[in-house]
Amino acid sequence: MDSITTAASVVAAGLAVGLGAIGPGIGQGSAAQGAVEGIARQPEAEGKIRGTLLLSFAFMESLTIYGLVVALVLLFANPFAG
Amino acid sequence: MGSLPFVLPFAELEVGKHLYWQLGNLRIHGQVFMTSWIVIGALLALVVVGTKKMERDPRGVQNLLEFLWDYIRDLARTQIGEKVYRDWMPFIGTLFLFIFVSNWGGALVPWRLIHLPSGELGAPTADINTTVALALLVSLSYFYAGLSNKGLRYFEYYVHPTPIMLPFKIVEDFTKPLSLSFRLFGNILADELVVAVLVFLVPLVLPIPVMFLGLFTSAIQALIFATLAAYYIGEAVEEHH
């Protein structure tokens, strides 16, 4: 594998995770905001809100994980390593 | 799979290295099989021990199993619906328990102490082949559920609100297993990687909270996989009016 491909793969892996984290970060922030508002308004529903919040966090997090999978493929199983 | 482009120095982390077994023309990943068999054996042993001497007032392992049964039944009933959830409860329960025990087994059992000639033992779900197999099983079972419950009327689902939805619903059939398998694989591998990187950087104390976070996400991922599988089956058997 030549050095240009290596450099491009490493940069692309960094970008894949970094850019992929932006959207879910914003989404998790607004979800947490909604949950905190819900708990402040109705403290007795805290348990239910927490469960739903964690489940939806996991869904949002998996979007970043897709970026991570791409990064891992580029680093460990690069198809262009030729 | 290409070879490693460069050698990364983290701990003994070996991504993309496997213990290959030759089976006819197939090269299979031996370490995944070994850990899967251990997980299956552990689950079977638990169930056999728990149901051996059943009592009216459950104690010990029987109590745990009854709690699990209730939990899985509630999960299946809320997602699939009152009418057919009984048929699919064993499938959903098996998926949940296998993934859960695999994830926690990979994180809690010190597999590093057993040396393999190549590759390393770990959670079976950290290998993409395992998760793709599980996701394809889910795909097959929701098709089967829809066809066996509604016959050819199942395909009404594809044009349900309007026929414009047809291409999206067809694409969905392919993206469902893709996202199911990638989500589980990525999360479990990411947990192992984060712990390995932290152990390399700071080998004391600091990795422990991250390990607990990893246990937590592993459990949530098992729950999500089972919930989504049940949801897809429920979507396939649902009656439209």
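The model is predicted, and local features need pLDDT of at least 70, side-chain atom pairs count only at pLDDT 80 or more, and totals for chains, interfaces and linings use all residues. Residues are numbered from 1 along each chain as its sequence is written, with chains lettered from A and ligands numbered from 1 in the order in which they are written.

In chain B, helix H5 (residues 166–201) packs with helix H6 (residues 207–237) at an angle of about 175°, their axes 10 Å apart. H5(B) and H6(B) are therefore roughly antiparallel to each other. Helices here are DSSP runs (H or I, at least four residues), and strands are too (E, at least two); axes are lines fitted to C-alpha atoms, for helices over the stretch in contact, with angles running from 0 to 180 degrees between N-to-C directions.

Turning to chain A, two helices and zero strands are found. The UniProt annotation "transmembrane region" covers its residues 7–27 and 57–77; such annotations may be inferred rather than shown by experiment, and feature names are shortened, with positions in the numbering used here. Residues 7–27 of chain A are 100% helix, with end C-alpha atoms 31 Å apart, while residues 57–77 of chain A are 95% helix, with end C-alpha atoms 29 Å apart. The C-alpha atoms of chain A fill a box of roughly 60 × 15 × 10 Å along the principal axes.

Conventions. Parallel < 35°, antiparallel > 145°, perpendicular 65-115°, else oblique.
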